[in-house]
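Reader: I would like to learn how to read a structure of this kind feature by feature. Could you take me through one, giving the general idea before each case?

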Amino acid sequence: MKDIAPSPDQSSGIRAKVQAFGGFLTNMVLPNIGAFIAWGILTALFIPTGWIPNESLANIVGPAINYLLPLLLAYTGGKMVGGKRGAVMGAVGTFGLIVGADIPMFLGAMIVGPLGGWIIKKFDKAIHGKVPAGFEMIVNNFSLGILGFLLMISSYLFTGPAIEFANNLVKGGIQVLIDTGMLPLLSLINEPAKVLFLNNAIDQGIYYPLGMQRAAEVGKSIYFTVASNPGPGLGLLLAYTFFGSKTSKRTAPGAIIIHFFGGIHELYFPYVLMNPITIIGMIGGAMSGIATFQLFNVGLVAGPSPGSIFAYLALTPKGNFLGIIAGVLVATVVSFIITSFTLKAIGAEKEEDDKESFEQAAEKSKSMKEEGKKVLNSRGGSSTIAAENISKIAFACDAGAGSSALGATTFRKKLKKNNIEGIEVEHYNIEDVPEDADIIVVHKNLADRARRSHQKKRIVTIENFIGDPNLESLLAELK
């Protein structure tokens with residue numbers, strides 16, 4: 001009997017596709033986070049249980065969550081796929097969902113918005129070059145109007161009810177976990193998925209849409225805290241600070257600041273990956289945090305993005321501060337204790353440092369330069385690029401606004417410190433890296449996805465955005 005288990009290449013390909021899907025959702029949500037936060041503040045202040053209840057201003061809450069936010073998502077998703085015409089098409093189609101549903105249509109907007117963009121994009125491609133001169137405007141306007149009308153009606157009659165059914169099914173399943181006190185079990189899925197850079201697919205695709213629905217009903221939701229709690233990551237990094245060795249012990253304190261206060265959770269992912277057994281501490285911390293939130297019956301008014309402690313406190317409704325702070329603190333302590341025990345039990349983690357020190361990496365890159373520039377950690381990418389021909393380096397991550405921004409800023413400062421000029425360093429989400437980028441820097445767990453999108457680019461993979469040996473090698477090469 002043939003082995004039907006997926007090969008490593010197949011598994012990495014599947015993971016890359018899921019990461020790309022999560023990145024797409026993130027890029028649809030991220031530009032509109034400000035609107036979500038504005039709605040959250042409005043809710044926290046003016047609903048009957050808010051800080052300053054105001055019956056008149058509270059009338060804005062319902063229309064904003066039912067119309068404004070879904071339409072913004074649909075417009076953005078349609079534009080990502082089909083440009084401005086796709087944005088209008090997506091918004092028109094989504095309006096049918098909104099009117100035909102009894103729940104806020106966030107999930108529907110993230111489906112129909114891009115679908116509308118795809119439909120109009122395909123139509124425009126099909127008629128390209130076939131429209132008689134002088135009729136371009138009338139064809140463009142009526143095609144968008146007719147296709148938008150059909151999508152709006154089909155969304156109202158068919159797509160909306162189907163999405164509402166699926167939404168209620170997922171919501172009902174999670175509600176069962178809440179009612180039985182087993183919601184913390186979701187951490188068994190959430191934490192391993194997060195360190196594989198699937199965190200955006202989980203938050204943006206599942207918990208945040210469900211959380212907005214719940215918050216519209218009662219003014220808060222625990223769903224916003226299920227996967228975004230900064231406590232477990234803080235506990236892990238504290239454990240590495242006290243019981244790590246070599247690079248991890250030196251870099252963990254800096255990562256704590258960026259993770260806990262800056263809200264960039266990707267900073268702790270490499271620390272789990274260098275010792276996968278530490279995921280036990282992350283799961284334990286996340287489960288205890290959720291259990292504490294449940295015990296105090298607390299939640300947030302909107303999704304904390306980024307997942308900073310400042311965002312947590314800013315989105316905490318009246319009467320929930322004690323429970324929110326307790327949940328973060330308990331998650332931190334449990335994660336710290338379990339991870340500390342784990343690190344000491346395995347003899348102060350071996351980590352990837354054992355392969356080569358930073359000094360060895362720098363020396364290696366210098367010798368590589370003398371022998372002829374070689375591509376670092378790249379397969380299927382372009383060949384060698386002489387250092388003097390490098391004018392643009394792109395740091396890329398899932399959303400293009402978290403770890404990649406940190407990496408680009410840090411590397412830019414290193415170039416300036418070493419008096420290396422004429423090289424532009426910017427950050428992007430993986431799919432949007434421009435063609436004029438000479439080098440793409442990504443975390444190794446996103447490498448497959450980067451290669452799928454940029455097959456001819458030189459790709460440098462790293463494990464840590466702070467002091468990674470491959471970044472030091474790249475810097476030495478540029479010298």
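Author: Let us begin with a pair of strands: Ile393 has Ile439, in strand β3, as its bridge partner. Strands here are DSSP runs of E with at least two residues, helices are runs of H or I with at least four, and both are numbered from the N terminus. This is a predicted model, in which local features need pLDDT of at least 70 and side-chain atom pairs count only at pLDDT 80 or more, while totals for chains, interfaces and linings use all residues. Residues are numbered from 1 along each chain as its sequence is written, and side-chain values use heavy atoms, with hydrogens and water left out.

Reader: Which strands pair with β3, and in what sense?

Author: Two strands count as paired if DSSP finds at least two bridges between them. Strand β1 (residues 392-397) pairs with β3 in the parallel sense over 3 bridges, and β3 pairs with strand β4 (residues 458-462), also in the parallel sense, over 5 bridges. In β4, Arg458 stands opposite Ile439. Between β3 and β4 the chain passes through helix α15 (residues 447-453), and this β-α-β crossover is right-handed, meaning that, with the strands pointing away from the viewer, the path from the first strand over the helix to the second runs clockwise.

Reader: Is strand β3 enclosed or open, and how do I read its two sides?

Author: In a regular strand the side chains alternate between the two faces of the sheet. A residue is called buried under 20% relative accessible area, exposed over 50%, and partly exposed in between, with a 1.4 Å probe and protein chains only. In β3 (residues 439-443), 5 of the 5 residues are buried, so the strand is largely enclosed by the rest of the structure. Ile439, Val441 and His443 point one way, whereas Ile440 and Val442 point the other way. Both faces of β4 are covered as well, with Arg458, Val460 and Ile462 buried on one side and Ile459 and Thr461 buried on the other.

Reader: How should I read the salt bridges, and how many are there?

Author: Side chains of opposite charge can pair when their charged atoms come close. The rule asks for a side-chain nitrogen of Lys or Arg within 4 Å of a carboxyl oxygen of Asp or Glu, and by it the count comes to 10 salt bridges. In one of them, Asp124 pairs with Arg85, the closest N and O atoms being 3.0 Å apart. Asp124 lies in helix α4 (residues 106-127) and Arg85 in helix α3 (residues 61-100), so this pair ties together parts that are 39 residues apart in sequence. Lys392, Glu424 and Asp436, for their part, are linked in a network of salt bridges.

Reader: What separates Lys194 and Glu191 within helix α6?

Author: An α-helix has 3.6 residues a turn, so residues three or four places apart point the same way. Lys194 and Glu191 are 3 residues apart in helix α6, and therefore about one helical turn separates them. Their salt bridge has its closest N and O atoms 3.5 Å apart. Lys194 counts as buried, at 4% relative accessibility, and Glu191 is buried too, with a relative accessible area of 2%.

Reader: Which residues does Gln213 touch?

Author: A contact means heavy atoms within 4.5 Å. Gln213, which lies in helix α6 (residues 187-218), touches Ile103, Pro104, Asn167 and Lys171, not counting residues up to four places away in sequence. At 2% relative accessibility, Gln213 counts as buried.
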